[in-house]
Each structure stands twice: as C-alpha cells, then as structure tokens.
Amino acid sequence: MNNEQAMVSTAVAAWKQNVERAEKLFFALDDTQLDAAIAPGKNRLIYLLGHLVAVHDGMRPLLFLGERLHPGLEAAFVAEADRVVAEIPSATELKAMWTEVHDSLLAGFADLSPSDWASRHSVVSEADFALNPLRNRLAILLSRTSHIGYHLGQAQLAPR
C-alpha cells in the first residue's frame, strides 16, 4: 500500500467507525426513546437519525456515486427544522434507509482510487477546482465524518 492509498484507507476507516458508532446508538433505541429531545425545545433523536441519513444520501451525487436513494428526506431533515414537517418516516423506515445508504456508500468508496478521491466533487466547477484543489471528494468524506461525530455528541445529551 502506497502513501496515498494509506491516507484514503485511514479516512474511510474513520468514516466507517463513526457510522458504526452512530448505528449502534440509534439502532439500540426504540420508538419512544428516539422521540426524546436532546434537551427541552431541541431536536429529537429521530430527527438526528433522519438528518444523518439525508446528509449521507446527499453524498452519493456529491461524490459522483449516483443519485440520492431517498431524495424526499432532504425536505424533512435538512431544509426544515425538527417538528416542522408533520409526517416523517418511522424509526423502522429510517433504520432501513440508513443501512441502504451506508451500504451503497461503502460499495462506491471501494471503487474510488486515491486519484478519484483527490478529484473535484460535483458542486465545484472545473474552473473553481483548478483554483482550489482542496475542494475534492476526500474533503467531503472528512467533513461528513466530523459531522457524524458532532451529532453523536448531541445524541449523548438526550435522556435515556
């Protein structure tokens, strides 16, 4: 394994670790526990679960891995705050979507070479990428890995 492969493997391993930690936390909770707010007036755990599924599903087009699998989640869990959208998917549905999205991402990650990871993501133009090559696919993976950790920290505050 060369240095570039080792760096990408390290980043993907950190992603997997955070996804597994989040899955362990959310999948162990029942519907009542997931309906608990982190603190009075704050997001519910089910909202955080849906938010992570929606954001991670959005990685598919960002990384040129295909279209979103669940585009409807964007409105309920990214564009709007918790409790604004009246009907959201059930915990069971969100957990199934979680598995589907993360399985598809890992399969897509396996097909990317280190040079693919260093190439632009879909939201940056070729011209802008030439000016700032740090706007690459690996940067998306790293930022989304941090994003999971942030929400895991929030989830720890919820009463059990």
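User: Which residues in H3 meet which residues in H9?

Analyst: On the H3 side they are Leu45, Leu48, His51, Leu52, Val55 and His56, and in H9 they meet Arg144, His147, Ile148, His151, Gln154 and Ala155. Contact here means heavy atoms within 4.5 Å. Helices are DSSP runs of H or I with at least four residues, strands are runs of E with at least two, and both are numbered from the N terminus. By class, the contact of H3 with H9 holds six nonpolar residues, five polar and one charged. Nonpolar covers Ala, Val, Leu, Ile, Met, Phe, Trp, Tyr, Cys and Pro; charged covers Asp, Glu, Lys and Arg; the others, Gly among them, are polar.

User: What is this based on?

Analyst: This is a predicted model, in which local features need pLDDT of at least 70 and side-chain atom pairs count only at pLDDT 80 or more, while totals for chains, interfaces and linings use all residues. Residues are numbered from 1 along each chain as its sequence is written, and side-chain values use heavy atoms, with hydrogens and water left out.

User: At what angle do H3 and H9 pack, and how far apart are their axes?

Analyst: The angle is about 175 degrees and the axes are 11 Å apart. H3 is therefore roughly antiparallel to H9. Axes are lines fitted to C-alpha atoms, for helices over the stretch in contact, and angles run from 0 to 180 degrees between N-to-C directions. Angles under 35 degrees count as roughly parallel, over 145 as roughly antiparallel, 65 to 115 as roughly perpendicular and the rest as oblique.

User: What makes H1 roughly parallel to H9?

Analyst: Helix H1 (residues 3–27) packs against helix H9 (residues 137–155) at about 25 degrees, with 9 Å between the axes. That angle is why H1 counts as roughly parallel to H9. The crossing of H1 and H9 is left-handed, a term used if the near helix is turned anticlockwise from the far one by less than a right angle, with right-handed for clockwise.

User: Which residues in H1 and H9 meet?

Analyst: Ala11, Val12, Ala14, Trp15, Asn18, Val19, Arg21, Ala22 and Leu25 in H1 meet Leu138, Leu141, Leu142, Arg144, Thr145, Ile148, Leu152 and Ala155 in H9. The contact of H1 with H9 is made up of 13 nonpolar, two polar and two charged residues.

User: How do you know that Asp82 forms a salt bridge with Arg44?

Analyst: The closest N and O atoms of Asp82 and Arg44 are 2.7 Å apart. A salt bridge requires a side-chain nitrogen of Lys or Arg within 4 Å of a carboxyl oxygen of Asp or Glu, so the pair qualifies. Asp82 sits in the loop between H5 and H6 and Arg44 in the loop between helix H2 (31–34) and helix H3 (45–57), so the pair links distant parts of the chain, 38 residues apart. Both residues are buried.

User: Why does Asp82 count as buried?

Analyst: Its relative accessibility is 9%. Buried means under 20% relative accessible area, exposed over 50% and partly exposed in between (1.4 Å probe, protein chains only), so Asp82 is buried.

User: What other residue forms a salt bridge with Asp82?

Analyst: Arg83 does, with 3.6 Å between the closest N and O atoms. Asp35, Arg44, Asp82 and Arg83 are linked in a network of salt bridges, and the structure holds five salt bridges. Another of these joins the side chains of Glu74 and Arg68 at 2.8 Å, N to O. Glu74 is partly exposed because its relative accessible area is 28%, and Arg68 is partly exposed at 27%.

User: Why is Arg83 called partly exposed?

Analyst: Its relative accessibility is 48%, so Arg83 is partly exposed. Arg83 lies in the loop between H5 and helix H6 (91–110), and has a positive phi of about 75 degrees although it is not a glycine.
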